[in-house]
Amino acid sequence: MSDVLVLDRVSKTYGKRGPAPVEVLRDLSLSVGRAEVVALVAPSGAGKSTLLHIAGLLDSPDSGRVVLNGRDMTGQGDRARTEARRQDLGFVYQFHHLLPEFSAAENIVLPQLANGVPGAQARARAADLLDRVGLAHRAEHRPAQLSGGEQQRVAFCRALANGPSLLLADEPTGNLDPATSDKVFDVLMALVRDTGLSALIATHNMELAGRMDRVIRLGAPE
């Protein structure tokens, strides 16, 4: 199994020049294989979000390497990192962050247009993804007209709109009640499996973590 993501001895410290620097990650290494779904479990303050930001090329490590689809991204410039985020990565957060003035379908179309996809093709892709998550009938509804679970399902579709090879998710069901969380997680896993996507999913829910292929645990900070 080839690796989609490799973090090689990654370290990150905040406030290094201040009176109380905080070492968040130290020589951390992990990998996510192709079509593998990995759970990232960590207590608050253990560096989970920092790790995801580094893996998603939103932040840079102080040392170590970030390799995405065999390409070392560590020393790449802003343009190359932005292109890799647009082409290779999908992001899902605890809160859906949908654009309130646009419909569900438009929220999925917009990232495709930004990636140069023709409008008709982008709309067809949005319709297909919404159908996969059972929301074809809600395509023209704005986020405020959708339930929390529906909003998050639209966010999943948006994350997959450009056909990424790796999904990074930070507590994607953490803002939902337990019953809705289970249903929405089932939808996410079905999407990931059906598309052969790789995923690194942070969660506090050990029951959900146990349904993934592998669990990586980050320890509490010292």
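**Ground rules.** I am working from a predicted model, where local features need pLDDT of at least 70 and side-chain atom pairs count only at pLDDT 80 or more, while totals for chains, interfaces and linings use all residues. Residues are numbered from 1 along each chain as its sequence is written, and side-chain values use heavy atoms, with hydrogens and water left out.

**Entry 1, helix H2.** Helices and strands here are DSSP runs (H or I, at least four residues, for helices; E, at least two, for strands), numbered from the N terminus. I looked up which residues of H2 (78–88) are buried, and found Ala80, Arg81 and Ala84. They cover an arc of only 100° around the axis, so they sit on the same side of H2; the arc is taken from the directions from the helix axis to the C-beta atoms. "Buried" means under 20% relative accessible area, "exposed" over 50%, and "partly exposed" in between (1.4 Å probe, protein chains only). On the face turned away from the buried side I found the exposed residues Asp78 and Arg79. The cover over the buried residues includes strands E4 (63–68), E5 (71–72) and E6 (89–92).

I found Glu171 in the loop between strand E7 (166–170) and helix H6 (178–195). Glu171 is buried but has no salt bridge (a side-chain nitrogen of Lys or Arg within 4 Å of a carboxyl oxygen of Asp or Glu). Its nearest side chain of opposite charge is that of Lys48, 4.4 Å away; Lys and Arg count as positive, Asp and Glu as negative, and His and the chain ends are not counted. The side chain of Glu171 does make a polar contact with the side chain of His204, at 2.5 Å. For a polar contact I need a pair of N or O atoms within 3.5 Å; within protein, one must be able to donate a hydrogen and the other to accept it, and residues adjacent in sequence count only if both atoms are side-chain atoms.

Where does Gln152 sit? I found Gln152 in helix H5 (148–160), and it is buried, with a relative accessible area of 2%. A polar atom of its side chain lies 2.8 Å from the backbone oxygen of Tyr93. Touching means heavy atoms within 4.5 Å; leaving aside residues up to four places away in sequence, the residues that Gln152 touches include Phe95, Pro172 and Val184.

Tyr14 belongs to strand E1 (3–14) and is partly exposed, at 33% relative accessible area. Its side chain makes a polar contact with that of Asp59 (3.1 Å).
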